[in-house]
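Me: I am new to protein models. Show me how to read one, feature by feature.

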Amino acid sequence: MSHTPSLRIALSCSLLVVAAGAGAAGCGGPDGHPLSARPYDAARQVTFDGFAEGREAALDKPLAVSVKDGGTRITDVTAVDEAGHHLAGRLSADGGRWRSTGPLAAGARYTVRVATENGEGAPGVRTLTFRTAPARNLLAVEFGPEAGEYGVGQPLTAKLSAPVTDRAGRTAVERALRVRSTPSVTGAWHWVNDKELHFRPKEYWPAGAEVTLTSNLAGLPVGSGLYGTATDPLKLTIGDRVEAVADAAGHYMTVRRNGEVINTIPVTTGKPGFSTRNGVKVVLEKQYFVRMRSTTVGIAAGSSESYDLPVYYATRVTWSGEYVHAAPWSVGSQGAANVSHGCVGMSTGNAAWFYETVQRGDIVRVVNSAGEEMSPFGNGFGDWNLPWEKWRQGSAVLAGTRDGATPADDARLRPGL
């Protein structure tokens with residue numbers, strides 16, 4: 001049997017490999033395309049208008065880059081500060097000039113890289129670093145609550161040191177505040193007033209979630225001459241889903257943990273004229289002992305409705321003075337009638353159990369009361385009494401949009417992704 005054909009095939013393959021190798025070597029050689037060459041220093045061909053290395057740049061002037069002669073054109077410009085913020089800009093059609101279109105961050109160090117191409121197509125590059133002037137008018141942000149573990153109803157808060165009134169400024173603030181949740185949630189910011197905004201999920205936080213709030217506002221312009229300052233991150237852990245529902249007409253409170261009923265407690269709520277507010281409230285704090293005086297809620301001392309009582313196991317749900325607390329003086333009415341001045345009263349033993357069971361951020365909801373509705377803001381955290389669509393309309397970013405209508409909307413609504 002002859003082996004000559006196989007030998008010829010092997011030789012042919014070897015020649016092809018050698019030819020391919022020679023061709024590959026030729027592409028990288030001195031006779032290759034100009035774009036494959038190492039970029040030359042384009043310092044002589046590029047000028048920065050009004051900006052100089054090592055000097056502070058004014059905040060009210062755009063960054064501008066130009067070529068010195070018609071034989072060179074700019075192909076790309078990137079300007080990034082040390083926080084990773086990219087400065088937006090626009091390149092002229094002929095490649096002769098680039099100009100920033102976004103505002104410069106205050107007190108920031110920028111690195112600018114300009115890519116060029118000469119008349120023969122050879123690439124050039126020039127890099128410049130500069131600092132911007134510090135801001136005179138600063139906007140500080142204070143995050144809340146303090147770090148720790150909270151219940152599923154706890155909103156996040158951001159309090160500003162100066163008012164932000166226009167939508168552009170509010171949008172800048174919102175986009176700089178980042179909420180990350182594991183697992184992820186659908187959520188949004190809502191402006192309570194010109195100096196405060198709250199973040200809450202569409203539904204309660206998932207039990208066991210890890211939540212982090214950060215700010216990228218440092219140095220960024222907010223409008224009206226204000227520039228943001230740095231804020232330390234805030235981390236929260238969400239505990240079990242604990243919900244207490246007080247039925248003012250049935251005179252009982254049902255407490256659930258993660259959907260399972262763990263206690264049913266006879267209670268008394270506000271009597272006529274002092275009816276307990278309906279709606280969702282969030283546990284604000286717990287106090288083992290509180291001295292409750294009627295004068296603090298506008299009831300005159302010595303009147304028929306006045307009181308001055310030592311109260312134990314007091315779980316606060318409004319700043320105006322609604323508590324879930326021990327009321328041993330009304331045990332005979334608990335489970336049968338409403339006789340309090342607005343608080344949810346129960347026996348000392350039940351109040352002690354409730355006090356030990358709940359934590360800040362847990363939910364207390366009152367139903368079937370003759371009282372008014374809990375206000376969303378100003379008297380504790382009534383945020384959950386605002387329907388989701390109305391909550392979204394309080395966001396400078398999402399107002400006027402449909403829930404999940406755009407990629408940008410979806411990114412804001414799912415901050416954990």
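Me: What is the volume of the second largest pocket?
Reply: A pocket is found on a 1 Å grid over the protein atoms alone: it is an open set of points where a 1.4 Å probe fits, with protein on both sides within 12 Å along at least five of seven lines. Grid points are joined across faces, edges and corners, and the volume is the space filled by probe spheres set on the points. Here the second largest pocket comes to about 420 Å³. This is a predicted model: local features need pLDDT of at least 70, side-chain atom pairs count only at pLDDT 80 or more, and totals for chains, interfaces and linings use all residues. Residues are numbered from 1 along each chain as its sequence is written, and side-chain values use heavy atoms, with hydrogens and water left out.

Me: Which residues lie nearest the centre of that pocket?
Reply: Lining residues have an atom within 4 Å of a pocket point. The second largest pocket has 21 of them, and Q154, T157, K159, W319 and F381 lie nearest its centre. By type, 10 are nonpolar, six polar and five charged.

Me: Take T157. Is it buried or exposed?
Reply: Buried means under 20% relative accessible area, exposed over 50%, and partly exposed in between, using a 1.4 Å probe and protein chains only. T157 has 8% relative accessibility, so it counts as buried. It sits in strand β13.

Me: Now the largest pocket. How many residues line it?
Reply: There are 32, and Y307, G321, H341, G342 and C343 lie nearest the centre. The volume is about 620 Å³. Elements giving two or more residues to the lining are β25 (285-293), β26 (308-316) and β27 (323-326). β25 gives the largest share, four residues. The lining divides into 14 nonpolar, 12 polar and six charged residues.

Me: Which strand holds T315, and what does T315 touch?
Reply: T315 is in strand β26. Its relative accessibility is 0%, so T315 counts as buried. Not counting residues up to four places away in sequence, T315 touches V283, E285, K286, E322, Y323, V324, F354, Y355 and V358. The C-alpha atoms of T315 and R360 are 9.1 Å apart, although 45 residues separate the two along the chain.

Me: How do I read a sheet?
Reply: Strands of a sheet pair through backbone hydrogen bonds, either parallel or antiparallel. Two strands count as paired if DSSP finds at least two bridges between them. Four bridges join β2 to β4, and F48 stands opposite V65 in β4.

Me: Which way do the residues of β4 point?
Reply: A64 and S66 point one way, V65 and V67 the other, and all are buried. S66 has R97 in β7 as its bridge partner.

Me: What is the strand order in the mixed sheet?
Reply: The order is β12-β20-β17-β14, in an open sheet of four strands. β12 (148-150) and β14 (177-182) each have a single partner strand, so one side of each lacks a neighbour in the sheet. The twist averages 25° from one strand to the next. Angles run from 0 to 180 degrees between N-to-C directions, with axes fitted to C-alpha atoms, for helices over the stretch in contact. Helix α2 (residues 167-176) packs on this sheet, touching β14 and β17, and makes about 35° with β14.

Key
Contact means heavy atoms within 4.5 Å. Ala, Val, Leu, Ile, Met, Phe, Trp, Tyr, Cys and Pro count as nonpolar, Asp, Glu, Lys and Arg as charged, and the others, Gly among them, as polar.
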